[in-house]
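Subject: Structure handover and notes

Hello,

Please find the structure below, for your files. My notes come after it.

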Amino acid sequence: MAFLTNIRLLTPMIRSMMVRGPRACLLRPTNTAMFSSVGMIHKLNSPQSSLQHNQIGHLGSDQAQTTSTEQPDLDKPRETPRLNLDSLDRAFNTFEERCQRNERVTEKDFIRTFNTFTKAVENLNEEQLKNNSHIRSNIIIYSSLLLRCCGNLMLDTPPKGRELLAGNLWTFIKEKQIPVDVSHFNSLIRVLNENGTNYDPKKIIDEMIERGLAPDRITYQRLIHQYCLQGDIAGATGLLETMKEKEMELNEATFASLIIGYSKQDKPPTISEMFDLMRSNNIEPNSKSYAAAFIAQAGRMATHPESAVDEFKKAYELLEKDEIQFTVNEIVDLITALGPFKKSHDIIDKFFKTVLPSLEGTMSSRYRILASLVRVNLFEEASQLFWSQRVTDRALKTGMVGSYYIRVLASHFNVPIDFALKECLMLQEKGWNVKAIYMLYFTAAEVGRLDVVRAALKKIAESDTMKVHYTWPLIAQAKTQDEVAEVLKNELNPRMHQSDLLETFSQWVWPKFADDAPKLFELGKQLQYDRNLLMASFLNYSVQENKIVEAIKFISDAPEELVGGEAQATANDDEDDEGEPVVQSRSNQPTERSNLVARLLNQIVDETKDPELVKKAFNMCKLPSQQMSVRALGALVKVHLVNDDFEKALEEFLRIAQEYRKTPCRTELMSHCLMKKDPETLQKIMNAVTEIFGETNSLFDLAVCCLKCNKLKQAQKIFSSPGFRVRPIRVYQTCRNLARSGNVSVLENFVNLTRDMYDLNQDYLYMVLVDVYDKYDPKRTLHLWNMMQEEEFQPSKKSLIMIANVLEKNNIEVPFQKPGGSFQGDRNNMRPSRYSQDRTREPLM
């Protein structure tokens, strides 16, 4: 009776502080009014945390994990760019709309918005935050919105994970000295209570007083709840005394807290006694009080099972009599507290059948109830509740019914794999969700449930073709090399498409073995993966990660069994019959890989000048199903040229031409013969080029080489040969290449010799020439204009604008009327037209 004496002593104080609460007569949905207006949101902060604000990483649904990143130097002076409030407003408006629509917050969305917020705040200086009221108010509102979301609104993240996120945000607010008020602390306390954080209420009050803030009724009410959760009735009584002194009112929530607090004593009052006390103070017990009563008895089940069950039965009888219905939040709390005892006590099982509603209402409500059942291992109950829902024909037509249920099954680590697969297969069989297994796979991969990913992949493989990229989540989340080896052994196999395997090894496998290449080669040998695939992917990875020096060292030290074999000839199919590249993609020769291989081989040439090492690397890069590009083959010739060994370079060139039907470095070899006046060797080169690309193309290449070697007469002789005709695209391409080299005189001679060739756009050649003049010799632009006049050539409007722009920019008088409009001489505008320039000259008068 000592307890009742204590209660009676509190009664006069409590009676004077009562506020009558509403009667709960309907199932109330989750309260989302906090999202109705940004300005009405409680501003929330989180306890001090040793974590920094940018240490937020992925948190699984069953175990919180954080990934640390380097903390920026906040003390380092930097320029303060203008804060883009419009962009920040848009980001938070979008965030708020999603939260309101979904009635929950995803961790990913929170982190993305939080990062936007931190970047904006870091661009502020102290003066802006203090003196600019508009910026100040926005920052305060947005910080409060983020902090408020660190509680039960973040459904998919476990309490410990939410606590870490709130701690990061609170630390950032304190570092940046963002102003806070009482509502911040009220929301902070609420989030701490929702996450089950054990904290000292007195420290919260002390910090508020230190900041010059006075706790209000909400503050005391929520701190009383924390004291009651700790079983500290003395602490709760102290705050009640303070509230009485301040003439603050209490409501049902305070009594609900006291019910839980007194239940932790050795001889607690009965539920009927607590309810009578409430009624004596004009407070009718409502759903909140009943929920607290049942949760209080759940807390006593382990220590006092008999008395707890008796009190539970009495409370259940009162519940049926008063026809109380619980809110979704209260149902979730009841499931969490009573779930572990459901199978051991019949009354709790009966209670669940009465309390659990049918799955109607919003998706968020259904998701929260199912998730709470799954968390306490009530899988069959969750299944029965899910399948009891009514599904409309319109929903069935979408084929996506139950997506939220699949997320629950995949994201909770305690769900048995067989149970998750069974439910997803049933969804597919019934036609409710035609991609249920795929959704299970993707969600499990996202949260890191690799066992579920593997099981889902096996099911997918039974009815569909296994895609290589399905295994990437398994490799990406593997923590050890042995786990990667399991994927290579069980999920992947050497018979899969080589290009897909090449990408998989380059992008995903090699980063796990970067410092232990021999181990992966040995593993690949055991699992019968192609040797060339392993080598090519290793070199791809080395180039992508700028580890070329390491790759060169590895190649130089690689044993012969990893190299083996000579290059095999393959038919040329990346150039047409006139030596022009074919612009189209092929699945067996990715352009990106060709560029990477060529870059590596040419880098080895520049770094080592070692022909044997280049040849060794070339053999390593080969894949049976893929061809080597001209640039990659050119490294085999180039390495001899840089060593001034022309004979070896010629020998390699002729071998490549014979085996690969490609002619790398042919221009350099021709130029060497021209300068050395070696017609016999030149004829050998010409024969090889002619055999592959035809006589016209080989003569055109020879003429260009003559121009580069300052042999103008020989070039003129070739271009003026009767019947000599080359495709216009080759002329344009060569013109552009000469322009990029910056050799003005060679380009001038080339344009002069080719401008009168049949079916050429002469105006385009002049435009390229003007563009080069602009960069290297602007005064020659006027000479070109005079030459056009002498030849009675009528330039296009674009050409006239280009010429005028160059002359004006260099303070040279423009000798003609500049056309109206503007034109920039870039590649997009400087394109040869489909038809040749009309060079018909007007008759002389």
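The notes below go from the whole chain to single residues.

This is a predicted model, in which local features need pLDDT of at least 70 and side-chain atom pairs count only at pLDDT 80 or more, while totals for chains, interfaces and linings use all residues. Residues are numbered from 1 along each chain as its sequence is written, and side-chain values use heavy atoms, with hydrogens and water left out.

Overall
The protein has 43 helices and 0 strands; helices (H or I, at least four residues) and strands (E, at least two) are DSSP runs, numbered from the N terminus. Of its 845 residues, 51% count as buried, where buried means under 20% relative accessible area, exposed over 50% and partly exposed in between (1.4 Å probe, protein chains only). The exposed surface comes to about 41500 Å², and carbon and sulfur atoms supply 48% of it; these areas come from the Shrake-Rupley method with a 1.4 Å probe, and for residues only the protein chains shown count as cover. Among the contacts with a separation of 6 or more, 71% are between residues 24 or more positions apart. Contact means heavy atoms within 4.5 Å.

In the model, residues 181-215 are 66% helix and 0% strand, with the end C-alpha atoms 10 Å apart. For residues 251-285 the values are 63% helix and 0% strand, with 11 Å between the end C-alpha atoms.

A helix pair
Helix α28 (residues 531-544) packs against helix α32 (residues 611-621) at an angle of about 110°, with the axes 7 Å apart. Axes are lines fitted to C-alpha atoms, for helices over the stretch in contact, and angles run from 0 to 180 degrees between N-to-C directions. The two helices α28 and α32 are therefore roughly perpendicular; the class covers 65 to 115 degrees, with under 35 roughly parallel, over 145 roughly antiparallel and the rest oblique. On the α28 side the contact involves N532, M535, A536 and L539, which meet A617, N619, M620 and C621 of α32. These residues divide into 6 nonpolar, 2 polar and no charged (Ala, Val, Leu, Ile, Met, Phe, Trp, Tyr, Cys and Pro count as nonpolar, Asp, Glu, Lys and Arg as charged, and the others, Gly among them, as polar).

Two buried residues
V637 lies in helix α33 and is buried, at 0% relative accessibility. Beyond its neighbours within four places in sequence, V637 is in contact with A649, E652, F653, I656, P664, C665 and L669. V637 and E652 are 15 residues apart in sequence, and their C-alpha atoms are 6.0 Å apart.

T663 sits in the loop between α34 and α35 (666-676) and is also buried, at 3% relative accessibility. Its contacts, with neighbours within four places in sequence left aside, are F653, A657, V689, I692 and F693.

Backbone
Most residues other than glycine have a negative phi. D644 has a positive phi of about 55°; D644 lies in the loop between α33 (630-641) and α34 (646-660) and is exposed at 73% relative accessible area. N811 has a positive phi of about 60°, is found in the segment after α43 (797-809) and counts as exposed at 74%.

Regards
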